[in-house]
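Please examine the sequence and the three-dimensional structure shown here.

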Amino acid sequence: VANSDYVQTEDLLARHSITSPVDGMIVAVEKKLGEWVEPGTEVYRIVRTDTLRIEGLIPVNTDDGNLIGRSVSVELLRGDRSQMFVGKVVFVSPDANPVNSLVRVYIEVENPERKLRPGLQVRAEISAEEPNQEASQP
């Protein structure tokens, strides 16, 4: 009987627990304690800070089709000093803006010391060297 009660309590607790697929910091609470929520409803807004995604635009003529995986040097400007970080291109949009001929690019940067913050402006330079294709194949 005690084991059955234990299993039932664990099941009840699991149905009332909230877990996140990423490590991060809660920056907004959307629902209050005791409010009814449906599954999938946003309860908290979590910002991941250990890996950041930088979104930028590049001219369409600089996209040679091999940008994904290239190394990127990222410079954070703060007043009279700057800090450098290393990232890599993880996404290049297949469509270009017809008005200004720019293509959206996503760059991921590891941020273990949490020196970068979401919302800061940075300068990024994509390496001209293509990623090593042989190393990425099994």
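The model under discussion is a predicted one. How many cavities of 30 Å³ or more does a search of the whole structure find? The search finds 1 such cavity, and the volume of the largest cavity is about 30 Å³. Two elements each give two or more residues to the lining of this cavity, namely strand S4 (71-78) and strand S5 (81-96). The largest share, 3 residues, comes from S5.

The residues that line the largest cavity can now be located by name: they are Leu76, Arg78, Arg81, Ser82 and Gln83. Sorted by class, this lining comprises 1 nonpolar, 2 polar and 2 charged residues.

The second topic is alanine 124, which lies in strand S7 (residues 122-126). Is alanine 124 buried, partly exposed or exposed? Its relative accessibility is 38%, and therefore alanine 124 counts as partly exposed; the partly exposed class lies between the buried class, under 20%, and the exposed class, over 50%.

Which residues does alanine 124 contact, once its neighbours within four places in sequence are left aside? The contacts of alanine 124 are then Val72, Ser73, Val74 and Ile107. A further relation concerns isoleucine 54, which stands 70 residues from alanine 124 along the chain.

Notes. Residues numbered from 1 in each chain as written. Predicted model: local features only at pLDDT ≥ 70, side-chain atom pairs only at ≥ 80, totals over all residues. Heavy atoms only, no water. 1 Å grid on protein atoms, 1.4 Å probe; cavity = no way out; pocket = protein on both sides within 12 Å on 5 of 7 lines; lining within 4 Å. Points joined across faces, edges and corners; volume = space filled by probe spheres on them. Helix = DSSP H or I, 4+ residues; strand = E, 2+ residues; numbered from the N terminus. Nonpolar A, V, L, I, M, F, W, Y, C, P; charged D, E, K, R; others polar. Buried < 20%, exposed > 50% of the residue type's maximum accessible area, 1.4 Å probe, protein only. Contact = heavy atoms within 4.5 Å.
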